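Thanks for coming, everyone. Please look at the model on the screen, and I'll walk you through a few places in it.

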Amino acid sequence: MTKKRKHQEDFQKVKFKVGKKKPKLENATDTTFKTKAIQIPEQLKEDGVLPTQNRKLNIKDLLSQMHHYSPGVKHNALLGLKDLLSQYPFVIDAHLSNIISEVAAVFTDKDSGVRGAAVHLLQFLASKIRAEQIAPFFPLVSAHLSSAMTHISEGIQEDSLKVLDVLLEAYPALLTDRSSILLKNFVELISHQQLLKRLKSKDKLSWMLSVNPNRRETSQQWRLNVLTRLKKFLQAVVDGSSEIQDEGLQEQKDSPHSVRNPVFISWKVHANNQQHIQLFENGGLRPKINSTFRLRSLASVMGSAEKGLSSAENLKGFIEIIIPLLIECWIEASPAQPASILGNLLESESQQLMQQVLSIIHLLWKLTKRHDETYKMELWLRMNYLVDFKHHFMRHFPYSLQETVKHKKKDPCKGNKYCMTSSNSVDHLLLNLTLCDIMVSLASTSTLQMDSSWLDMIRKFVTDTLQDGSKLNSKQVNRLLGVTWRLMQIQQNKVATEPLIKAVYTLYQQRNLLFPVRTLLLKFFSRVYQKEDLRTQRIRSRSKVLSRWLAGLPQQLALLGLRNPELSNQLIDIIHSAASRSNKELLQSLQATAARIYDPLDGALVLLPAEAQRRLVQLVYFLPHLPTALLTALSRCCIMGRISSELAATLIGILRMRSSFAGWKCQVQDNSVNDVDYFSFLFSTLIGFSREELTSLQGIRGKPHISQTQLSPVRLYLTDLDQFLHHWAVTEVICHSLSTIPSQSQCFDILQTGICKYLVGLVVIPDSTAGSVLCAINKLLDQACILSENLHKFLASCCYSLLYFLLTLDKEDAEHVQKRDLLWGSCVSALALLPRLLRLMLQSLQVSRICREELPVVAQLLRILMQHGQLRSHMITNEFLVQQIIKDIMTLKSGEVQEQWLTDLHYCFNIYLASHSQGPGPMNAVY
């Protein structure tokens, strides 16, 4: 029984035989499948290591420390930010939003060290961040700045001005866009509101200056700091407006969209009635549409508070608040005593405060001029503030600066700690000039009698300052001339304006004036002259001082030359303007100085840049007379290449219009250009070289400057390519001018006489001169013209010399290769027009007198002449001469192996000439 149970157990152990494979289980897992890995690089990628500074802190660590309660941690974080961003500037772009927000938040930090570090960091960031980058975050910066300016802590207010300095320097346009808020902050920095008890309605508030004894500096110093920033802010607002005139003297600035398009006139085309001059409104500027309808701008959609000072209502409101405060500041700084022995002396700090007060008022006055109703605004300003200004500002006028000098112990005045002396500097002058500018803007012609008392004070001050103005800088002179111009507009009679003009002229006559000062004076006189020229109807009413100034301009231009091109350009513009108006005094002076201005060696015409040269050439048209010496100088200017060929063409065209051959229907000015002098000018310019230069060329021998042949008595002087092309361009203009003369036969006789007198008989002639003479002959020759024998021989020699030069020219000589087409065309045209010229040239080809090396050149020339279509008929006429030349060549080459060039010559003769002959050909005659 026991054995049976043992065999019936549930879990029996299976015994495997050795060497047999273990059978698979029924629940075994199949592991034959394959797998592949899925790669997601970006998901598993870790953040790169951010750059760190020397304390191993990155940008995130430093920005997080900005919220720490400890001022030392925040201070070190700001220093670390500056260190990190200076080493790795690319971090700024990646974290700009966080950097700006964290730095702006500490503008109002309680610790002064943290605020100072923030200002330094902001100054560093301003040099790295452009305005368009910071623009999206600037409202946040402006909000923190406003919070700092209106903070209860005096230290935070003081540091807010430093932040304001940085932003005004780097982002003035962005800061002025929020002017409505910042202007109120400026007012609150120096004043506080007070309810007017005298008014029944308790809703109107006034502002009065505030005094805070807790500040580290005096109230006057604090107001000076605030007003200095307010002046900078208003200056940025003024600079952002393109419609405001500068200081009352400069003309209205052109907007960036207005472009002046000058009209260029071609004398040649205009003289032939092929070009019409069309005038446009506003002289080429953007047309101004005079319409009562206007498109609604974005500013009209905004509220008045968002417009800032661009709204007339906001500007008036700010003026009503700030002007009383400025007057109170002026009263505190102005001298308490009336004019004493020492004069109206001011301490340095008081002078600075008064200067800021007047500068702010002056900028506000300028802002009022950009509104449409300027006249109404001026009346409102006069009605509300003229009385106060006269009482406070003009009370001690003019003001001078008082220096505080500390003496040594050995000084006899040692009993007094300080001694007052009057300053010899001109720092106080800007204060007086700004005051004058403000006051004269409130006066007008209609109020002249009421304002005569203080206007006389200003007029006397301006006159005295101008007469002793050797130490004035450009800013002071600009303001001074602006006041002078306004005084001249208020009282326009000659009795009042002549002393002012004379005082300005006294300053103008002083030597060693700065260039900006000289420029301002020139602009002032030019503007006065134009204004007087429009208003004056009688010559006797003109200003004598102004006439004297105009008469001295040409002499100044001749003396100035190239020492100051910008000033010379201004002089030329003024001279051109007065000459176009036929100013008698200026034209007489210009006539007397013309020889020095147009001197070909050191005159202003050849020294100044191209644009100034163009204006000087145009002035030739206005000269009353053109004497022989002046025409000689102008011819030399054209010849020497000191002016461009286009400008030389303009000059030649002007002289033709001034001559009697211009074909004017109305009578022109008598004796402006003598006919003999005019022809002398044209001939001298055509030759291209003076008599002295041609004489000096006769001694030059040999290559590379001379091209000579044994068959022609004329040797060619090879000119430079630039000189040749310039001479050729001028020659074409000269030929055109000669062709417009009515009597062509007489013109040709004059040209022939000049060539025979000055060129025939010369051994060396420039290649450009020979080509120019042939070009002129081709242009002027007609059936009525008769050439002399000497001229025929001379032209024949020139033709052969030029053709020989072109045939022996090396193809690698790029400089002279460009002359080929021009010279070849002139020679062929002359030979085609004058058959006798071709015959004389063929007769000169006596091959027995030349060396054997020149024979191929003569053969090539004959072959080309026979092949040329225009010359073929003339060559047939001279067949006997050609045949004789070929026989002479073959005679010299007899007994030698016949070369290819000789075979080509024989072939061309048989093809082009022998077919027209009845006798045997030259080859048959020899063999």
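Pro398 sits in the loop between helix H19 (374-392) and strand E4 (400-406). The peptide bond from Phe397 to Pro398 is cis, with omega near -5°. Most peptide bonds are trans, and most residues other than glycine have a negative phi.

A word on the source. This is a predicted model: local features need pLDDT of at least 70, side-chain atom pairs count only at pLDDT 80 or more, and totals for chains, interfaces and linings use all residues. Residues are numbered from 1 along each chain as its sequence is written, and side-chain values use heavy atoms, with hydrogens and water left out.

Now the overall picture. The protein has 45 helices and eight strands. Helices (H or I, at least four residues) and strands (E, at least two) are DSSP runs, numbered from the N terminus. Of the 927 residues, 46% are buried. Buried means under 20% relative accessible area, exposed over 50%, and partly exposed in between, using a 1.4 Å probe and protein chains only. Take contacts between residues at least 6 apart in sequence: 74% of them join residues at least 24 apart. Contact here means heavy atoms within 4.5 Å.

Back to loops. Lys56 is not a glycine, yet has a positive phi of about 60°. Lys56 counts as exposed because its relative accessible area is 65%. Ser582 lies in the loop between helix H26 (565-580) and helix H27 (584-597). Phi of Ser582 is positive too, near 60°. At 53% relative accessibility, Ser582 is exposed.

Next, the core. The largest nonpolar core has 272 residues. Such a core is a set of buried Ala, Val, Leu, Ile, Met, Phe, Trp, Tyr and Cys residues joined through side-chain atoms within 4.5 Å. Ile323, Leu364, Phe389 and Ile458 have the most contacts inside this core. Helix H37 (residues 789-807) gives the largest share of the core, 13 residues. What does Phe389 touch, not counting residues up to four places away in sequence? The partners are Ile323, Ile327, Ile361, Trp365, Met394, Ile438, Met439 and Leu442.

Now a threonine. Thr484 is in helix H22 (residues 474-490). Thr484 counts as buried because its relative accessibility is 0%. The side chain of Thr484 reaches the backbone oxygen of Leu480 at 2.8 Å. Beyond its neighbours within four places in sequence, Thr484 is in contact with Val462, Leu466, Leu500, Val504 and Phe524.

Last stop: cavities. A cavity is a set of points, on a 1 Å grid over the protein atoms alone, where a 1.4 Å probe fits but cannot get out; lining residues have an atom within 4 Å of a point. The search finds three cavities of 30 Å³ or more. The largest cavity holds about 60 Å³ of space. Volume is the space filled by probe spheres set on the points, with grid points joined across faces, edges and corners. Among the lining residues of the largest cavity are Cys638, Phe689, His726 and His727. Which element gives the most to this lining? H34 does, with four residues.

Thr731 is also in helix H34. Thr731 is buried, at 0% relative accessibility. Leaving aside neighbours within four places in sequence, Thr731 is in contact with Leu686, Ser772 and Cys775.

Technical notes:
On a 1 Å grid over the protein atoms alone, a cavity is a set of points where a 1.4 Å probe fits but cannot get out, and a pocket is an open set with protein on both sides within 12 Å along at least five of seven lines; lining residues have an atom within 4 Å of a point. A polar contact is a pair of N or O atoms within 3.5 Å; within protein, one must be able to donate a hydrogen and the other to accept it, and residues adjacent in sequence count only if both atoms are side-chain atoms.
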